[in-house]
Number of protein chains: 2
Amino acid sequence: MNEMLNPGATIGILGGGQLGRMLSVAAARLGFKTHIFEPGANPPAGHVAERVITAAYEDEEALRRFADGVDVITYEFENIPTSALDLLESLRPIRPNRKALAVSQDRLVEKAFLNELGLATAPFAAVDDATDLAEAIAEIGCPAILKTRRFGYDGKGQVRLKSESDAETALADMAGAPSILERFVDFTAEISVIAARNPSGEVACFDPGENVHKSGILHTTTVPARITEAQRTDAVLMAAKILNKLDYIGVMGVELFVTPKGLIVNEIAPRVHNSGHWTQAGCTVDQFEQHIRAVAGWSLGDGARYADVEMLNLIGDDVEKLQDLAKQPRTQIHLYGKSEAKPGRKMGHVNRVL
Amino acid sequence: MNEMLNPGATIGILGGGQLGRMLSVAAARLGFKTHIFEPGANPPAGHVAERVITAAYEDEEALRRFADGVDVITYEFENIPTSALDLLESLRPIRPNRKALAVSQDRLVEKAFLNELGLATAPFAAVDDATDLAEAIAEIGCPAILKTRRFGYDGKGQVRLKSESDAETALADMAGAPSILERFVDFTAEISVIAARNPSGEVACFDPGENVHKSGILHTTTVPARITEAQRTDAVLMAAKILNKLDYIGVMGVELFVTPKGLIVNEIAPRVHNSGHWTQAGCTVDQFEQHIRAVAGWSLGDGARYADVEMLNLIGDDVEKLQDLAKQPRTQIHLYGKSEAKPGRKMGHVNRVL
């Protein structure tokens with residue numbers, strides 16, 4: 001599929017969460033229809049999509065039905081089972097490509113890829129057992145973080161080691177999953193670049209945002225980030241390098257640590273990213289539309305930032321403050337249509353124009 | 001229904017065109033689901049709604065099914081058959097109310113209502129036959145416009161009389177429909193105020209936009225309008241007076257002529273309005289969200305304008321320029337998902353930040 005998708009075409013989205021929901025809305029704005037594939041019932045994206053297929057990723061018939069109804073497939077999360085991707089890829093183009101998924105699904109592969117590209121990461125070592133861990137601690141030192149190589153998100157699947165004496169309990173937490181030990185990075189700030197690339201190789205990056213986490217979950221992103229002009233340029237060039245190397249098509253979130261020794265890549269996410277939600281209030285074209293444009297083979301839109309914005313996540317019962325937030329000036333509310341507000345669950349976000 | 005709708009509630013929308021589509025998206029942003037009732041197949045709003053009921057307004061069973069599934073009913077066009085409204089109103093609250101519909105469905109009732117409120121309109125007279133028309137021309141003079149009292153939109157159902165000699169052909173054009181003769185207003189500009197009112201009586205108006213029509217169809221709306229501060233205040237106060245008098249809940253479009261003698265109300269539309277599409281690019285909260293907030297009984301949002309914007313309608317084959325538009329800086333594209341580009345058909349619009 002090198003040609004451009006025309007309005008009226010249908011974009012398939014794997015995953016029906018809030019990212020799929022906001023992608024659906026952006027697709028509609030450009031005249032596209034969307035179909036959602038999601039194992040869970042009543043997914044947020046389903047409220048704004050033309051069709052929802054509720055089925056497991058192991059259900060080949062459902063995957064075929066999904067592929068039959070769409071012109072191109074994209075996704076809102078990276079942990080899609082390989083077998084599903086193998087089948088879908090034989091039926092329709094998947095954008096971003098498998099290479100991006102393979103790299104980002106595994107923290108070890110990801111860090112090796114970044115280092116090969118000449119980009120700095122935290123020192124790391126693979127850990128499969130107690131011997132590996134002892135060697136890794138000897139090599140890397142503490143404080144460090146032991147993380148599962150796969151399936152971690154929002155601080156899940158990771159544990160901090162203050163010293164060697166934490167090794168045993170940390171390893172027990174991994175429950176035998178292949179892991180990676182990363183040296184703790186002493187950063188002054190965490191920023192992220194939301195970058196987009198289309199099939200013609202056009203790259204566009206949004207202005208880097210500065211992230212603050214709480215209990216491992218993104219709390220706020222603020223633009224502009226408190227970084228120098230040189231750091232801003234570095235960050236954008238690093239992101240562009242990653243997308244180009246992967247022949248990437250779509251939007252990627254690149255998280256970076258700002259350290260006295262320069263920028264260090266923390267992780268990449270081959271999809272629209274929570275730290276890019278501010279673009280809905282600060283740009284003519286937001287990250288969701290930029291992703292859809294890229295996936296559809298269109299020119300990228302104008303993502304220049306015209307306002308200072310703070311994005312605040314609404315987690316769990318934060319949504320109880322809703323009617324107060326609704327009264328605030330310069331405040332844009334985005335709710336995800338999730339029925340139950342569980343602790344740690346992302347229920348929505350607020351963009352405040354500063 | 002005096003209480004507030006909580007996220008998760010469902011808003012029913014009568015009409016599945018582009019206005020319903022953009023209302024659906026705004027509703028989703030606030031965590032609501034939408035159901036669309038529309039006689040035509042594959043309506044634009046259906047691509048972004050949880051449910052679409054395809055049925056005639058005469059289908060009582062379908063109307064009941066629609067009402068059963070929603071918490072409140074709103075609409076995207078004013079010519080809803082009375083019998084359907086009678087039934088729906090007995091089942092669920094309809095916002096805006098029937099009074100607003102009754103006034104705006106009939107140009108004669110509308111003008112009488114506005115004059116009673118002390119607001120200026122073009123001189124007018126009811127015309128049912130040739131005798132009425134002769135009398136009306138004698139009273140009002142020419143140039144004048146003969147319009148059907150009901151069901152006119154986008155310049156349809158109206159004909160201009162340069163002089164008395166045009167009377168016979170003009171009347172023939174009305175095909176026996178009850179009509180109204182309006183004196184042609186010599187205006188320097190046409191502006192519109194997009195005004196919102198919620199159940200607590202809170203009123204908020206967007207900055208007036210200046211409209212340019214082509215062949216009877218809105219071509220551009222530009223903000224700010226080229227009017228004085230006094231005119232801006234007048235316009236907003238006039239709009240607020242109308243909404244308050246009608247106990248209105250929702251967004252209304254109020255079209256005004258700017259004349260050397262002051263502002264004259266052209267017509268009102270009890271719904272979100274094409275001349276308010278610029279708010280998507282110029283305000284934190286746009287007209288669609290403002291309507292949903294009002295209908296849901298929420299506080300109105302911050303609709304202060306932060307940018308100069310030109311909204312350009314894409315009519316018929318204007319959409320062929322799409323890929324050129326996609327490359328323009330500061331340009332936001334909105335397509336309506338209509339499959340066929342017929343002449344005069346609104347296919348989308350573009351908001352350019354100036």
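**Close-up 1. Start of helix 2 of chain B in the predicted model.** A side-chain oxygen of Asp59(B) comes to within 3.2 Å of the backbone nitrogen of Glu61(B) at the start of helix 2. Polar contacts are pairs of N or O atoms within 3.5 Å; within protein, one atom must be able to donate a hydrogen and the other to accept it, and residues adjacent in sequence count only if both atoms are side-chain atoms. This is a predicted model, in which local features need pLDDT of at least 70, side-chain atom pairs count only at pLDDT 80 or more, and totals for chains, interfaces and linings use all residues. Residues are numbered from 1 along each chain as its sequence is written, chains are lettered from A and ligands numbered from 1 in the order in which they are written, and side-chain values use heavy atoms, with hydrogens and water left out.

**Close-up 2. Buried side of helix 2 of chain B.** Helix 2 (residues 60-68) has Ala62(B), Leu63(B), Phe66(B) and Ala67(B) as its buried residues (buried: under 20% relative accessible area, exposed: over 50%, partly exposed: in between; 1.4 Å probe, protein chains only). These residues lie on the same side of helix 2 of chain B because they cover an arc of only 135° around the axis, the arc being that of the directions from the helix axis to the C-beta atoms. Their cover includes strand 1 (10-14), strand 2 (33-38), strand 3 (51-54), strand 4 (72-75) and helix 3 (82-89) of chain B. Contact means heavy atoms within 4.5 Å. Helices (H or I, at least four residues) and strands (E, at least two) are DSSP runs, numbered from the N terminus.

**Close-up 3. Parallel sheet of chain B.** Four strands in the order 3-2-1-4 form an open sheet with parallel pairing; two strands pair if DSSP finds at least two bridges between them. Strand 3 and strand 4 of chain B are at the edges with a single partner strand each, so one side of each has no neighbour in the sheet. The twist from one strand to the next averages 25°. Axes are lines fitted to C-alpha atoms, for helices over the stretch in contact, and angles run from 0 to 180 degrees between N-to-C directions. Strand 1 and strand 2 of chain B pair over 5 bridges, and Leu14(B) has Phe37(B) in strand 2 as its bridge partner.

**Close-up 4. Strand 6 of chain B.** In strand 6 (residues 144-148), 5 of 5 residues are buried. Ala144(B), Leu146(B) and Thr148(B) point one way, Ile145(B) and Lys147(B) the other. Strand 6 of chain B runs antiparallel to strand 7 (residues 158-161) of chain B, with 4 bridges, and Ala144(B) is the bridge partner of Leu161(B). Strand 6 also pairs in the antiparallel sense with strand 8 (residues 179-183) of chain B over 5 bridges; there Leu146(B) stands opposite Leu181(B).

Close-up 5. The open sheet of 4 strands has the order 5-8-6-7, with antiparallel pairing. Strand 5 (124-127) and strand 7 (158-161) of chain A are the edge strands, each with a single partner strand, so one side of each lacks a neighbour in the sheet. Strand 5 is joined to strand 8 (residues 179-183) of chain A by 4 bridges, and Ala125(A) stands opposite Leu181(A). Helix 6 (residues 130-140) of chain A lies across strand 5, strand 6 (144-148), strand 7 and strand 8 of chain A, at about 170° to strand 5. Helix 7 (residues 167-174) of chain A touches strand 5, strand 6, strand 7 and strand 8 of chain A, and its direction makes about 175° with that of strand 7.
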